[in-house]
Amino acid sequence: MLAVFDKSVAKSPDALNAPDNPQAVSALKDGFLPNHFASVYPGSVSISLGSSGVMAYSLEKQNPLLPRLFAVVDDIFCLFQGHIENIAVLKQQYGLNKTANEGIIVIEAYRTLRDRGPYPPDQVVRDIQGKFSFIIYDSSSKATFIASDADGCVPFFWGTDAESHLVLADDVETVKKGCGKSFAPFPKGCFFSSTGGLKSYEHPLNELKAMPQVDSSGQVCGATFSVDVETKKESTGMKKVGSAANWVTFAT
């Protein structure tokens, strides 16, 4: 799966930017990265998000134990990979029918946060048990919500391209094609939102600390993020403030 979001929709963390990175390109210009993805996965499907970016997915070359899914409900798009272990519990919790798959469940969890708060987003993601990564784009508010399971069981990478657009994929080579050295594994046990940035749902009271990655030649390439056990922040719920774009805003 692949998603590229314009920097106006999802600003990537500054720590992902590697210095002296001539390999990075503009992932969106002339459809560069989606076209590359289509060449690697000939049967892939690409979804244009207009000026906000693009999403793409393929059912080829996938791990049968960690399948990829694509779902759309109204104005919300979801790429999901993996499986949810407590799927029956979540279907009941969100009032979904028996045919709902993981993508629909994640969308409904997002809609509950967006429309029916206040809820702490860390708790909602923590309620999802299993091996997973997912990418949500809400076209009504041009907001993103992205997460990975607590153990990082599903391959999932992110980076920033030459124009500071956010790139996400389950294939590291695809991310490197657009971002050069400005990439890293997506932090396990974390979620990223357009307005709230990167947070740990495993340790919601702690800040995250960026650590530069160094490749085999000693060059800095992106950064990994880990929980800083020495810094804590105030815990707050999420307040509905009248706009879907603000549902992920909370104090830091």
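Predicted model: local features only at pLDDT ≥ 70, side-chain atom pairs only at ≥ 80, totals over all residues.

**Entry: the hairpin of β8 and β9**

I began with strand β8, residues 157-160, and found that four bridges join β8 to strand β9, residues 166-169, the two running antiparallel. Within this pairing, W158 has L168 of β9 as its bridge partner. The hairpin of β8 and β9 has five residues between its strands, and S164 takes a positive phi there, near 65°.

I then looked at the other pairing of β8, and found three bridges to strand β10, residues 183-185, again in the antiparallel sense. Here the bridge partner of G159 is F183 in β10.

Are the two faces of β8 covered or open? I found both faces covered: F157 and G159 are buried on one side, and W158 and T160 are buried on the other.

**Entry: the open sheet**

Next I traced the six-stranded sheet, which is open and has the order β4-β5-β6-β7-β11-β12, with antiparallel pairing. Its edge strands are β4 (68-73) and β12 (197-200), each of which pairs on one side only. From one strand to the next, the twist averages 15°.

Inside this sheet I checked the pairing of β5, residues 76-84, with β6, residues 130-138, and found nine bridges in the antiparallel sense.

Which residues of α1 are buried? In this helix, residues 32-40, I listed L33, P34, H36 and F37 as buried. They cover an arc of only 160° around the axis, which puts them on the same side of α1.

I repeated the check on α5, where T174, V175, G178 and C179 are buried. These four cover an arc of only 115° around the axis, which puts them on the same side of α5. The buried residues of α5 pack against β1, α1, β8, β9 and β10, so I looked up β8 from the side of α5 as well.

**Entry: aromatic rings**

With centres within 6.5 Å as the rule for a pair, the count comes to 11 aromatic pairs. How are the rings of F132 and F134 arranged? Their centres are 6.0 Å apart and their planes at 20°, and since planes under 30 degrees apart count as stacked, the pair is stacked. I also noted that F132 is buried, with a relative accessible area of 1%, and that F134 is buried at 2%.

I next took the rings of W158 and F225, whose centres are 6.0 Å apart and whose planes stand at 65°, so the pair is edge-to-face. This pair links distant parts of the chain, with W158 in strand β8 and F225 in strand β14 (residues 220-232), 67 residues apart. W158 has a relative accessible area of 0%, and F225 has one of 17%, which is under the 20% limit, so F225 too is buried. I also found that F156, W158, F186, F192 and F225 form one aromatic cluster.

**Entry: P13**

Which residues does P13 touch, leaving out those up to four places away in sequence? I found W158, F192 and F225, and these three belong to the aromatic cluster noted above. P13 is found in the loop between β1 and α1 and is buried, with a relative accessible area of 15%. I also looked up the separation of P13 from S26: they are 13 residues apart in sequence and 17 Å apart in space, C-alpha to C-alpha.

Technical notes. Residues numbered from 1 in each chain as written. Heavy atoms only, no water. Pairing = 2+ DSSP bridges. Axes fitted to C-alpha atoms, helices over the stretch in contact; angles between N-to-C directions. Buried < 20%, exposed > 50% of the residue type's maximum accessible area, 1.4 Å probe, protein only. Arc of directions from axis to C-beta. Phe/Tyr/Trp six-rings, centres within 6.5 Å; stacked < 30°, edge-to-face > 60°. Contact = heavy atoms within 4.5 Å.
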